[in-house]
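Dear colleague,

I am passing on the structure below, together with some notes on what was found in it. Please read the notes with the coordinates open beside them.

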Amino acid sequence: MSPFKWINNISNNEKYRKAWFAFVCLIFITLIVIPSIYVVFRMFAEWGPVSGVFNDSEMMSIISGAIWNSFSIAGIVTVIDILVGIPMAWILVRKQFKGKRYLDTLMDMPLAFPTAVLGISIVMFWGAPEGIDIPGTGLVMSPYLMMILLHIIFTYPYMVRSLSAILEQIEPNYETAAMTLSASRFTAVRTITLPLFRAGLVTGTILCFARSLSETGGTFIALDMMGVESSFFTGPSFIAFMKTAEGQLEYGLEDAMGPMILISVLMIVLALVLLVVVKALIMRFKIPVKRVWPQFGRKISRGAIPKLKDGFSIAFLAVIVLLPTFYIFMYLTQPIADIDYAALLGATGISFLIAGIAVIFNIVFGIPIALYIARKRNTKFGKLLDSLVNVPLIIPTTALGFSLALFWGSIYAGGSLSLIMVILGHISFTFPLVVRNIVGAVEEVDASYEEVAMTLGAKPFQAFSKVLMPIIKSSIIAGAILAFTRSLGETGATIAISDTVNTVPVYILNLINNDNYTEAAFCSIILIAICFVFMFAVRIVINRGGRRA
């Protein structure tokens, strides 16, 4: 009996289905949730150093400033991503033009860059550390503005991918039917398509806000290049700075455990509360669809305005996202020293192994949880799972790695176990990327489709694989690509968990620390080329499979 037939048979038994879901939840809570928030429990064990921080007014001022910077930057970046992400998602899904396939693949490239390399590239592109001084304006690039530009690059692909995955499921015939009844394209999109966007908008908002909030490696490197790493902090960069000997010496702390634990706990609690509030507001927000403005709709649906909108979206992608991302390749104009290709290929293999295992785990265990959240969101357990999935997203990756190392301390003994710990760490922060995309897609699919299939004799697994799976396939693939590239480019969590596992980002970061920028740029090109070919091949296979279907 084939595995699919076996799964199909046992799926018809409710007892087995419940046992499988219970096992999935146990794995999710044991391997992902508890290790991720272990730092909260550690706070009580380390209450002495933590309580001492409250009596240090200077340290509390630094911590509150770092938290404000983190949340305000994440909020600004998320709003920008929404405003420019919707038009770009529309272009990628609804428009047909030459080179669309290449543009679609380039959209994911910033995610594949090691975060430390992106930090260097962005600072180089925007003229820091000297700063941009535009004659007659007095404008100089501040660390705050630099962080906004840097975090846009990290988060923009998440918003576009989340919206694109939902838009692909929305039938364009609805808009066509509205326009045949004299509605302008603006009116058709506003009254029909945008209300169906809500799930994708929630997913994109959560992913972008959480990604910005947890960004560590690129932020710390960029601030270091600007010479403000000890005076301007975000929450994650403060944690990274306090883990260094320089940071502990700067503030006279022999043990930085207290401030690190306190800021991690504060960010976790505040982020969870804020995300719940924002999510509730978005779900309750209603686009005014009952009123129409025919003349206004026709004016902005024709002529130069749609072209300007598309042109601005492309220009934003090129100037704000892609050019700063690839600017580090300018170092290739300088002589390249000898590169240890064996070490580079070994690090690449380890990176792909970690990312591949993480993606497979996330799909296998993420789909059942996503289905439960989407179909039973109003139940108490559904709401609990929905909140728990967000936890690894909002924890700074350095704090996440630190928490994992503490949790698995009893078996953290180096060697092969170090690799296992790194894999578990990458699973933790990539798992929500897959689940969130699938949840948003399933929420847009009427559950009656599967119910009808089962009334016609289909077993639960058949109803899922033959009915629901083809509909949400694009969202599963989008989540898998986001998770794969996120794992491939992660630096902070890997170093925090183990200093013996040499992934490509760690290898490149070591080159940067030794001022080998040219070699780091060259290695980045090799990594990006491999990722581009890999993701381009995946999209070709997907498109061919879709045409056959």
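**A buried leucine and the salt bridges**

Leu262 counts as buried, because its relative accessibility is 3% and the cut-off for buried is under 20%. Please bear in mind throughout that this is a predicted model. Leu262 sits in helix α15, which covers residues 257-284, and, once its neighbours within four places in sequence are left aside, its contacts are Val50, Val53, Phe54, Met60 and Ile63. Val39 lies 223 residues away from Leu262 in sequence, yet the two C-alpha atoms are 9.1 Å apart in space.

Turning to charged side chains, the structure holds six salt bridges. One of them joins Glu450 and Arg375, with an N to O distance of 2.8 Å, and this pair links distant parts of the chain, 75 residues apart, since Glu450 belongs to helix α22 (residues 448-455) and Arg375 to helix α18 (residues 341-375). Within this pair, Glu450 is buried at a relative accessible area of 15%, whereas Arg375, at 32%, is partly exposed.

In the salt bridge between Glu490 and Arg486 the N to O distance is 2.5 Å; here Glu490 counts as buried at 3% relative accessibility, and Arg486 counts as buried at 6%. Arg211 and Glu215 also meet through their side chains in a salt bridge, at 3.1 Å from N to O, and both of these residues are buried. Finally, Lys95, Lys309 and Asp310 are linked in a network of salt bridges.

Terms used:
Residues are numbered from 1 along each chain as its sequence is written. This is a predicted model: local features need pLDDT of at least 70, side-chain atom pairs count only at pLDDT 80 or more; totals for chains, interfaces and linings use all residues. Side-chain values use heavy atoms; hydrogens and water are left out. Helices (H or I, at least four residues) and strands (E, at least two) are DSSP runs, numbered from the N terminus. Buried means under 20% relative accessible area, exposed over 50%, partly exposed in between (1.4 Å probe, protein chains only). Contact means heavy atoms within 4.5 Å. A salt bridge is a side-chain nitrogen of Lys or Arg within 4 Å of a carboxyl oxygen of Asp or Glu.
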